Amino acid sequence: MSMDPTCIPSSEASNSAPLLKRNSVDVGWDYGVIVDPSNKDRLQCLLCGNQYTGGVSRMKRHIAQIRGDVASCTKATKEDILKCKKAIDDNAAKKKNKKKAAMEIREEVNVVGEESEGDEIENVAVGSKKRPYVLGPMDRYTNINPDSSDTSGFKKTRQPNISDAIWKEKSHKVSQYLARWVYEAGIPFHAIDNDSFKRFVEAVGQFGPGYQPPSQYQLREPLLKEEVERTKTFLKKQEEEWALTGCSIMTDAWTDRKRRSIMNLCVNCKQGTCFLSSREDSEASHTGVYIFDYVDKFIEDIGAQNVVQVVTDNASNNMAAAELLKIKRPNIFWTSCGTHTINLMLEGIGKQSKFKATIDKAKAFTIFVYAHHNTLAMMRKYTKKRDIVRPGVTRFATSFLTLQSLMEKKQELRAMFSSNAWGESKWAKSPKGKVAYATVMSQAFWNGVTLCLKVFGPLVMVLRLVDGDRKPSMGFVYGELTKAKEEIKAAYKQVETNYRPILDVIDEKAKGRLDSALHLTAYFLNPFYFFNNSIIQDDPIIMDGVLTCVEAFFPDNVNVQDEVINRELLKYKNKEGGFGRPLATMGCATNNESYDPVGWWSNYGNHTPNLKRMATRILSLTSSSSGCERNWSTFEGIHTKKRNRLDATRLNNLVYVQFNAKLINNKRKGKDVLRTKEVTNAQGWLVEGGDEEVDPVSGLTWEVIGEAMGADEVLQPRRTTRNIGVRELHEEDFMSEDDTEEEVDEDFESSLVYKIPCVSEYGGNMKTVQKESESINEYGGSMKTIQKESESINATDT
């Protein structure tokens, strides 16, 4: 078994000064400590006591007993060896994948076009027709020769020479120019990770010296139009999919910080989501008629025969528009957003007293920890720089993720509050400190957290399903919601008096939203559910929904309706023809990442062509409009003070290009849909009153206060954030638990000074102590220098 990294098993070590380690989650620090603070690369093995120079990477090789450049540890157990070997292999794989991804990005770029026979080869020349061999960052690791049969691309290990030093110096100078532009233009630091920027750098390198950047006019007009056309070409496959498997129109309305009324409209199909239009019309009232006219216009543009459903949230004006659509286009469904509905379920359950008490205690605990520099630093020390607050896309998602994080760090937090450092802290003697101590040491509190996770967990799984864009969710939402209810019953050991109040909330919110004819038919036509539980065909509500869908999909064609209902549907029910093959049963036995019900119908539904077409179109649908809501910051960022004179066409083009780029990139990266880098919905876990909707002193909304003050920007940064003393955190605070760190030199303590609300013990004025930083608009808007050690001033006093 591996040893406790805080102890050295020798009397000499026990009398020594406190052990020195880097603030890192690298597994190597479980086995080594720094011997001399002046030489950070000199480490001592905690197992055998030997000392080595070379950093934590060499220490892992020492424990893993990898021969070559370091002696093997004689006291490492098999578990220790395997643990370090895995860490070494994982790090090597991560580096290899990173190089491979960078290589793929470089190879996508070709500014010289196709090579022609007889072209003169030039190594470095402006506009050379032959793709030049130029020095680039990947050339340190690769040796690409287009004429070589060796496709591995990786250089063999060699001794560094003077060329490496020259390369490093030149690269550093180029980076200085880039950094200078980033600082002066106010470009956000995360823009450097954008793949398009990396392609631009590669393109400039291929072009060679003398490249002239485009003018402002070229960026505003011809280049923007070209990028719009390129985006349309890229989305052509999705348009073709609309005709094959149908599509969903998603729309959502929003009022931004300047009280402009905006509507987004997107289209979703089996290939994913794309943005079509953004409309800013603050003067018009968004009535049901207004929304219907807006949506109906795009139904005409897309083709009514391609649209299966319209998805919106449950606002009353949307429901009024749904009634108008039912009159004009009875064969197109109007459904409620699954993400919005499940969030309503979670919030309703969370308000029940037994869950609210636990959530309130957890919030009070996190607010206390984050309110003071020393408690926050102490927490990060014990959790290895991992924050306990995890921002989510909604307030409830933040609550669930943070409760989950608290449970994962239970032992570390208890160790922190049991330590001498906590006992000697002034906060240990404060009333709030005593409450925090009682909370973290209370088994009843942790039992409450466990119960919350058991009850909320199944619904959060459904939320991840409907809010994701990896595969269509319509065929799964009803079945997975049914499964979630069974899991909640199991959590209460089938005691109805305990689980009934929870299921009542779920059923109330789902009624009329997630039990429409379309949802029920999708559930029935998904073979994963029907083949595993064919008794669902005896449910009159489900079968009535199926008949309703057949009538809607084949309107004014009684013969086709008769064929589908009286012959083809019976074949599916009785598992005749292709449905009766053993492979058909095997193909839908497991609901995993590779399972595709549309593909299943393509394989086994050929004897029922009409039912197959209907099943394909239904099972290709989304059940949520969250893809339309997720990128509101795109419109708001483009419509800045500097750009408020943009004409409607140019504004729409900018949003079209960037919105679609974000949607495409998010789908490629496969991010957790519940997680976000925005801390908007986490304020209630960071500062007192963070979930308040109004200023508690004046009773006015923050938007009204901002306008009264004549401020260009309202105090809060996003649509749902009207919080007191908004606390912004660096992205590093919310590093994923699964993220690993590069093996680079680190300081003993973080050099960053975070913006932390310092709340006095009895609720006095809030001070924000922070490093001088810049609030940088994502699109190059004006920079606002945030003052050092500034006080949060009450709006009315201002």
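Buried, in this tour, means under 20% relative accessible area, exposed means over 50%, and partly exposed covers what lies in between, with a 1.4 Å probe and protein chains only. Helices (H or I, at least four residues) and strands (E, at least two) are DSSP runs numbered from the N terminus.

The model is predicted, and local features need pLDDT of at least 70, side-chain atom pairs count only at pLDDT 80 or more, and totals for chains, interfaces and linings use all residues. Residues are numbered from 1 along each chain as its sequence is written, and side-chain values use heavy atoms, with hydrogens and water left out.

**The whole chain**

Start with everything on screen. The protein chain has 31 helices and 13 strands, and 44% of its 798 residues are buried. The chain exposes about 41,700 Å² (Shrake-Rupley method, 1.4 Å probe; for residues, only the protein chains shown count as cover), and carbon and sulfur atoms supply 51% of that area. Now think about contacts, meaning heavy atoms within 4.5 Å. Of those between residues at least 6 apart in sequence, 66% join residues at least 24 apart.

**Stop 1: a covered helix**

Select residues 517-525, which form helix H21. How many of its residues are buried? The count is 9 of 9, so to speak a mostly covered helix. Colour them as you go: Ala517, Leu518, His519, Leu520, Thr521, Ala522, Tyr523, Phe524 and Leu525.

**Stop 2**

Next, select strands E1 (residues 32-36), E2 (residues 39-45) and E3 (residues 51-53). Two strands count as paired if DSSP finds at least two bridges between them. These strands make an open sheet of 3 strands in the order E1-E2-E3, with antiparallel pairing. E1 and E3 stand at the edges with a single partner strand each, so one side of each has no neighbour in the sheet.

Zoom in on E1 and E2, which pair over 4 bridges and are joined by a hairpin of 2 residues. Here aspartate 36 has asparagine 39 of E2 as its bridge partner.

Move across to E2 and E3, joined by 3 bridges. Leucine 43 pairs with tyrosine 52 of E3, and glutamine 44 stands opposite glutamine 51 of E3. The hairpin here has 5 residues between the strands, and its glycine 49 takes a positive phi near 85°.

**Stop 3: two residues with positive phi**

Select glutamine 65, in the loop between helix H2 (55-63) and helix H3 (78-107). Its phi is positive, about 60°, although glutamine 65 is not a glycine. With 32% relative accessibility, glutamine 65 counts as partly exposed.

Then jump to lysine 575, in the loop between helix H24 (558-574) and helix H25 (582-587). Lysine 575 also has a positive phi, near 55°, in a residue other than glycine. Is lysine 575 buried or partly exposed? At a relative accessible area of 31%, lysine 575 is partly exposed.

**Stop 4: a helix crossing**

Show helix H12 (residues 353-370) and helix H13 (residues 373-382), whose axes come within 6 Å and cross at roughly 105°. H12 and H13 are therefore roughly perpendicular (65 to 115 degrees; under 35 is roughly parallel, over 145 roughly antiparallel, and the rest oblique). Show side chains for Phe368, Val369 and Tyr370 of H12, and for Thr375, Leu376, Met379 and Arg380 of H13, which make the contact. These residues divide into 5 nonpolar, 1 polar and 1 charged (nonpolar: Ala, Val, Leu, Ile, Met, Phe, Trp, Tyr, Cys and Pro; charged: Asp, Glu, Lys and Arg; polar: the others, Gly among them).

**Stop 5: two buried residues**

Select threonine 341 in helix H11 (residues 338-350). Threonine 341 is buried, at 0% relative accessibility. Beyond residues up to four places away in sequence, threonine 341 touches Asn314, Ser336, Lys509, Ala510, Arg513 and Leu514.

Finish at leucine 224 in helix H7 (residues 222-234), buried with a relative accessible area of 9%. Which residues does leucine 224 contact, leaving aside neighbours within four places in sequence? They are Gln218, Leu219, Arg650, Asn653, Leu654 and Val657.

Definitions and conventions: Axes are lines fitted to C-alpha atoms, for helices over the stretch in contact, and angles run from 0 to 180 degrees between N-to-C directions.
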